[in-house]
Amino acid sequence: MAAVGAALRSGLRGAVAFPSQQRAWSSGSDQLGELGKGAGKGGGGGGTIREAGGAFGKRQVAEEERYFREAEREKLANLRKHHEEEIYHHKKEIERLQKEIERHKSKIKKLGDDD
C-alpha cells in the first residue's frame, strides 16, 4: 500500500522509473516519515532545510512539489504540441497522396480514351 501512495505522490516521475528504483523510493519514503517534518528514521531527509523540519521544511517540500508539477505540465504540453504537429503533417501528406491518386486516375482515363 505504501508503494501505491509513493507512486501517486511521485506522479510521472514514478511512472518512468525502473521497478527497482520504485522499490528503492517506496522503501525510502517509509524511512523518511512525513516530508518536511525533519530527519526520518533512517537519517537523511533530503537536505538541511528539510532535516530541520518545521515551517521551512514544509515550505521546501511544497516548493519542490510545485516545481515538479510545473515541469510535468510543461512536458505534457510539449508532448501534446508534438502530436498535434504530427497530425497536421500526416493530414497534409494524405492530401498530397490523394492528389497523386487523382493524377494517376486521370492518366489511366486518358489512356482508356485513346483506345
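E70 and R73 both lie in helix 5, 3 residues apart, which is about one turn of the helix, where helices (H or I, at least four residues) and strands (E, at least two) are DSSP runs numbered from the N terminus. This is a predicted model, in which local features need pLDDT of at least 70, side-chain atom pairs count only at pLDDT 80 or more, and totals for chains, interfaces and linings use all residues. Residues are numbered from 1 along each chain as its sequence is written, and side-chain values use heavy atoms, with hydrogens and water left out.

The structure holds 5 salt bridges, each defined as a side-chain nitrogen of Lys or Arg within 4 Å of a carboxyl oxygen of Asp or Glu; among them are the following.

| Salt bridge | N to O distance |
|---|---|
| E63 and R59 | 3.1 Å |
| E70 and R73 | 3.4 Å |
| R96 and E93 | 2.6 Å |

E63 and R59 both lie in helix 5 (residues 54-114), 4 residues apart, whereas R96 and E93, also in helix 5, are 3 residues apart. With buried meaning under 20% relative accessible area, exposed over 50% and partly exposed in between (1.4 Å probe, protein chains only), E70 is partly exposed at 36%, as are R96 at 42% and E93 at 30%.

According to the unreviewed UniProt entry, residues 80-114 are annotated as "coiled-coil region", although such annotations may be inferred rather than shown by experiment. In the model, residues 80-114 are 100% helix and 0% strand, with the end C-alpha atoms 51 Å apart.
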